[in-house]
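Hi,

Here is the structure I promised to pass on to you. Have a look at it first, and my notes follow below.

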Amino acid sequence: MLKSHLSRFQKNGLFVKLLSSFLLLTILLLSFNFLSLSFFKNNIQNEIIKQNSLNLKKTVDSYEGHLELIDNLLTGLQFNPVVELLTDREMNAANSELINQLTDQLNTLISNPYLYLDNVLIYFKESDSIIDKGGKSSVSQMFGNYYVTPDYDISFWEKQFQENYHLKLFPAAEFSEIKYDKKLAKGTLFPIFIKNNIDNRVSIIAMLDASDVFTNFHISSSDSFFIMNSKHDYLFASTSEPIGNRSSIDAAWPNQPSGYVKKDEHYYFYKTGPSTGFTYMNIIPNQKIADEVFRLQFVFILIFIATLVISIVISVVLSMKFNNPVQKIIHSIEDLRKDLKRKNSLLIHYGYMNKIKSIGSNFHEIQELISNTKPFYIILFELTFTRQFKISHTAEEHSKASNFIREFIYVNINEHFRDSVTFPVEKNQVVSLIFEEQLAAQMIGALQSFKQMFDRDKEYCFLTIAVNPEQKKSLELSESYEQCVQIVRQRKLNDETQIMTELSPAHFELLYTPAQEQELTVHLQAGNVANVVHLVGQLLDKMSKKEASAYQYNQFAEEVISKVLKTLILENVQVSSLLAANSPYQQIKDFTTIEDYKVFFEHFLAEAVQLIASKKSEKEPIIDYITDYLINHYGEDISLELIANKLNLSSGYLSIYFKEKKGVNFSTFLNDIRITKAKDMLRKSEYKIHEIASQVGYQNANSFIRMFKKCAGIPPSEFRRLHSEDMQ
């Protein structure tokens, strides 16, 4: 039996050679380890100190580099065209589009997880306003409700405009938000104040998450880490109870840019940042380093013994079952390649998104990743969930469905067009750029599969697909995207997935005429529900005949809602009941048929008229008398003084009282009644213009025509002609 084993080893000469080689290497390595242990025994402590110094250097480099990056980004933001425009303008509704653009840009910046920004506040000194990721706020709201801390009050931020510096990082503080009388913690944040010393009307405050930065940048075996300025003031402390007291730290204050000192049984490793001048300090107990030295020595001995035993076992096992290690290396490289490809894809998407949104970037490496020479086709997908889906599913399910559909679009586009990039640009929008030489018909054919798929589930959601059938150059990316947005706005009012390829010119006026607007107001104030509903329905039918887009229906509905709410406010009516449960502006976004709009306006307008009627039911004897008198005597020569004499009141007091109760002055109210009667006569009678003028109280026909045009927007003759056409 022994002979058979010996003969087996002889037959497998490779095994003997491999085993001998492994054993020889094991002996050499063990000898080297033994010599290394003897040689480095006295140098282990120095190596640990050196390692701690290197760890601190990496930490400092990370902090300094990140602060320089924040400085570059936010300094560039100060010269953003939108910021410069808003600096010279009032912060009102007229500039809401600019404010929304700036808010979108801030959200894009803050959404980068590697910047560790909680928020960026653009502080406009002259308007006492701040624009951040949530929109526009006053300074008192921002620092009195959203970013509250006893360390930095409003007067502190106002004082910074008087200081002379470009950038200053203030000590990290605990910020909170006051919401519904409750204080919600926002975390530990570094306030960074950035100024433009040439034009100090606007400054930027960056709220840097101190905890996230510490977690990602700090490298040390100890958690005691501090940042101090040149005045020995703490900017950041990782522990509430620092190791070593303050006097010990001050005594250890460095005289050199970097190094370490030992004091009070602690090692103080320090390094001064070259850009900021801050001193970064790790505090490590001496006992900890001594323990590490002992532990390393002990580990070396254990490793020596374990290596001896394990090496012999492994040598035998590997020799008997030798496996090619190259395969494992290939697998590791493949995993690394996949990870790099995924991260590279994210950077490419970020670069294209910046280019589409026309956001400037200092990251030239990212710009180099995206194609700047190849022509492309652009496809814009806009996802809309139906009212039924929103009612029957939770917000979390809604989010999951959105993510699934975005992934579905990505997979299918990549399957049809290999040389393509697909990425989200808005919450409900996905853009695909195709760099292949494709015929428009082939692209439309590929997109038909999307329509067939989504039409099966149209009761839950649908897509609007805008595709430009012409290849575009790289410089036209932003313009092509905006064109696709305009094409999407031309989708028809239905619940089907639509593929749209052309931008048609607007072929009719979306909004109602001044005459119709005046008529709507009068009927609302008079409480004529049927007339108001009929007028709005008539306008909706007119839009249907002219094939208005879903976007135009939505715009029209928003205008009507705004007009109704404005009328209610002028009538001193509380509108909270109309807005409490579900905003009408939000409701109309889910409509897919003209019947949806008609049913909505029947309820909405009826409720509005009821509110006005309830308000008018409150007894106002003087106002009721004036209203009745004007309605019954509008054709006579009437003046404020005449009415005041009848009521035994002064005309000045009556004018103020009437304006307070009716929301309009006396002459405007009288002219509204007269012009409304005139419109009715123009529609229903054959009287001449001057005859109608006389019957409604205007002795001079020219005065009547001027007043009619002022109220209705068009002359009486044009009004009669338009309504004659409507009758036909």
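To start with a question: is Phe-236 buried or exposed? Phe-236 is buried, with a relative accessibility of 8%; buried means under 20% relative accessible area, exposed over 50%, and partly exposed in between, using a 1.4 Å probe and protein chains only.

A word on the source: this is a predicted model, in which local features need pLDDT of at least 70 and side-chain atom pairs count only at pLDDT 80 or more, while totals for chains, interfaces and linings use all residues. Residues are numbered from 1 along each chain as its sequence is written, and side-chain values use heavy atoms, with hydrogens and water left out.

Now the aromatic rings. Rings of Phe, Tyr and Trp (its six-membered ring) pair if their centres lie within 6.5 Å; planes under 30 degrees apart count as stacked, over 60 as edge-to-face and the rest as tilted. That rule gives 43 aromatic pairs. Phe-236 and Phe-190 have ring centres 5.8 Å apart and planes at 55°, so they make a tilted pair. This pair links distant parts of the chain, 46 residues apart: Phe-190 is in strand β6 (residues 182-195) and Phe-236 in strand β9 (residues 234-237). Helices (H or I, at least four residues) and strands (E, at least two) are DSSP runs, numbered from the N terminus. Phe-190 is buried as well, at 3% relative accessibility. In the pair of Phe-658 and Phe-666, the planes stand at 75°, so this one is edge-to-face, and both residues are buried.

Next, the nonpolar cores: sets of buried Ala, Val, Leu, Ile, Met, Phe, Trp, Tyr and Cys residues joined through side-chain atoms within 4.5 Å. The largest has 47 residues, and Leu-74, Val-120 and Tyr-280 are among those with the most contacts inside it. Helix α3 (residues 44-78) supplies the largest share of this core, nine residues. A second, separate core has 34 residues, including Met-543 and Phe-600.

Thr-592 sits between α21 (584-587) and α22 (594-617), and counts as buried at 16% relative accessibility. Its C-alpha atom is 4.7 Å from that of Asn-494, although the two residues are 98 apart along the chain. Beyond neighbours within four places in sequence, Thr-592 is in contact (heavy atoms within 4.5 Å) with Phe-462, Leu-493, Asn-494 and Asp-495.

Best wishes
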